[in-house]
Amino acid sequence: MKPAPQPAPLSNENFADAIRRADILQRVMATISSGLELDPLLSNILESAVTLIEATHGTIGLVVKRNGKSTIRTVAVHNMPDEELGAEMAPGMGLAGAVLLEKRTIRLDRYGELNQPTLQDLVEHSVIGVPIQWGEKMIGFFGIGADARRFNDHDVETLEFFAQYAAVAIHNANLFRASQHALNEMQLLYKTSQRIGLSDNVDGVIDAYLDQVAAGGQHICNICLYEFDENNQRIAIIVKGRWTPESGSERLEERLPYIRDDLDPILDSGETIAISDVRSDLRVPDSLRQIQEESGRWALAMIPLIVRSQRIGLVVLSHEGVYEWAEDTLSPYRAVAAQLAIAIDHRVQQTLLQQRGQQLAVLQERQRLARELHDSVTQLIFSTTLIAQSITPALRRDPAEGERRVERLLELSQTALREMRSLLFELRSSEELQDTELPVTLTGLERIRHYGLVGAMRLLAGDFSEDGIIVNVAVDEAAVKLFGGQSGSRSGKEPMLEESVYRIAQESLNNAVKHARARHVSIQLKCESDKLFFSVVDDGQGFINQPAENDKLEGSGLGMRTMKERAEAMGGTLNVTSAPRQGTAVEVAIPLKEIHL
């Protein structure tokens with residue numbers, strides 16, 4: 001039997017080339033793992049590809065939206081004219097536009113063979129253009145060129161390989177940017193809510209928005225409220241406040257006549273209107289177009305302030321010249337606009353009640369709002385912060401786990417916004433919730449309506465079961481029968497009881513994780529002798545218990561006080577026992593008023 005033929009040994013030249021290629025690829029992988037800043041990542045990947053393929057120049061671009069259409073914006077260049085960085089290519093324009101249009105790799109021996117070449121000095125160069133894909137979606141473009149050689153199939157495969165690295169870098173950077181954006185938005189919402197909470201009139205609320213939100217941008221921001229007649233029809237626009245980069249915020253009282261136009265139906269539906277150039281947008285009324293043309297601020301964005309299905313005002317942004325409003329630019333203004341509308345409406349209603357001598361009712365409403373804000377949004381923001389802090393290590397350890405945490409972060413962000421918007425609205429009935437598609441993450445009250453108190457408590461336990469924290473829920477048969485998901489919503493009979501128990505549990509879990517640093521928490525619900533007994537026990541740091549103050553829980557913060565107030569409002573009791581390094585137990589007993597075991 002003849003021995004199998006042996007592969008020809010590599011020549012010194014081929015061996016050195018293989019070593020060089022391996023070294024370049026290793027450096028690319030190390031670069032991707034080193035950080036999440038996108039521009040330097042893509043520049044390093046581009047330089048490595050040009051070196052390995054022996055090209056002379058190259059570019060990387062990202063797919064962006066302009067007036068609803070996809071465009072390639074160049075973000076990294078190598079050995080290209082300075083004006084190429086930041087250039088945008090529409091579909092069919094240049095090599096990038098051709099790849100965007102055809103969604104496939106293009107290799108040409110002459111750049112001039114393109115239908116619309118943009119660089120006449122390079123028409124004789126050979127080029128390769130590759131789409132950067134993430135799944136089925138094109139997210140970018142990778143192109144290289146050479147003046148002294150012609151590319152082959154191996155070069156195409158190599159560039160497509162580099163495009164995969166670029167896709168990973170872009171996707172990871174987008175995940176990181178999304179998580180940071182969500183965290184910044186939550187922090188902005190929280191800071192603004194604190195400032196608004198200290199404001200006792202409409203002017204103070206508007207000041208808070210301008211100082212916290214508008215001051216974070218570079219656009220002139222006007223807050224406009226409508227004046228209504230006795231038939232609740234708009235008759236005037238009152239400009240109440242303005243922020244400018246030059247002068248900061250100022251209070252105003254400019255009254256303008258209200259004239260209905262083509263923009264009103266869009267704004268009444270709750271949609272934001274973004275206009276890059278009022279001179280060419282046919283929806284803009286002549287009077288508004290004239291004002292903006294005279295000021296030189298042709299770009300306009302209008303965010304409606306809607307409360308109880310009625311538009312009560314606008315947040316109006318303007319920018320010099322033609323300007324494309326990006327989603328990231330408008331997002332902070334929109335995120336807090338709902339809170340602004342609710343707060344303005346609340347202050348208006350508060351003023352009316354005070355004028356009618358109902359100061360007590362106003363105080364009770366403000367106390368309720370403070371409890372709801374603390375019990376819902378504050379806990380969600382705390383959970384959001386914990387998850388956000390763990391995203392970067394998770395992304396570096398396991399991109400899939402990082403992506404799951406980003407998705408959870410966005411879900412909590414959406415829930416916090418919905419909790420804030422729902423504070424002053426009448427709660428929807430269980431029938432309405434069942435007839436609509438459930439959102440990804442339910443608010444506390446929605447959880448109770450749909451899953452019952454027991455199901456809502458288990459979902460709440462899952463919210464806090466992160467990063468080694470274990471939360472167990474034990475429920476006896478009587479409690480399952482009365483408050484389990486199988487029995488349907490109990491909101492018709494015991495809505496305040498279910499909400500109070502849920503909020504007390506939420507605050508207790510928040511205290512256990514945030515302050516006591518507990519690792520194990522046990523929740524127990526049981527029904528005996530027409531009473532609901534409920535407890536939350538943790539193994540945290542604990543504190544020195546003061547029996548003399550246990551009845552009042554004075555000095556324990558808003559959380560402890562509202563827990564006790566909720567229990568007492570149901571005719572029940574709440575006791576807290578604790579000792580240093582021995583954990584804390586919160587025990588509640590509430591009579592079941594309408595349900596008999």
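**Exercise 1.** Which side chain meets Arg 334 in a salt bridge?

*Solution.* This is a predicted model, in which local features need pLDDT of at least 70, side-chain atom pairs count only at pLDDT 80 or more, and totals for chains, interfaces and linings use all residues. Residues are numbered from 1 along each chain as its sequence is written, and side-chain values use heavy atoms, with hydrogens and water left out.

Step 1: apply the criterion, a side-chain nitrogen of Lys or Arg within 4 Å of a carboxyl oxygen of Asp or Glu. Step 2: the partner is Glu 327, at 2.4 Å from N to O. Step 3: Arg 334 has 26% relative accessibility and counts as partly exposed; buried means under 20% relative accessible area, exposed over 50%, and partly exposed in between (1.4 Å probe, protein chains only).

**Exercise 2.** Find what the salt bridge between Arg 234 and Asp 268 ties together.

*Solution.* Step 1: the N to O distance of this pair is 2.8 Å. Step 2: Arg 234 is in strand β8 (residues 234-244) and Asp 268 in helix α6 (residues 264-268), so the bridge joins parts 34 residues apart in sequence. Helices (H or I, at least four residues) and strands (E, at least two) are DSSP runs, numbered from the N terminus. Step 3: Arg 234 is buried at 17%, while Asp 268 is partly exposed at 30%. Step 4: both belong to a salt-bridge network that also includes Arg 260, Asp 264 and Arg 311.

**Exercise 3.** State whether Asp 277 is buried or exposed, and name its salt-bridge partner.

*Solution.* Step 1: Asp 277 is buried, at 11% relative accessibility. Step 2: its partner is Arg 279, with the closest N and O atoms 2.9 Å apart. Step 3: Arg 279 is partly exposed at 39%.
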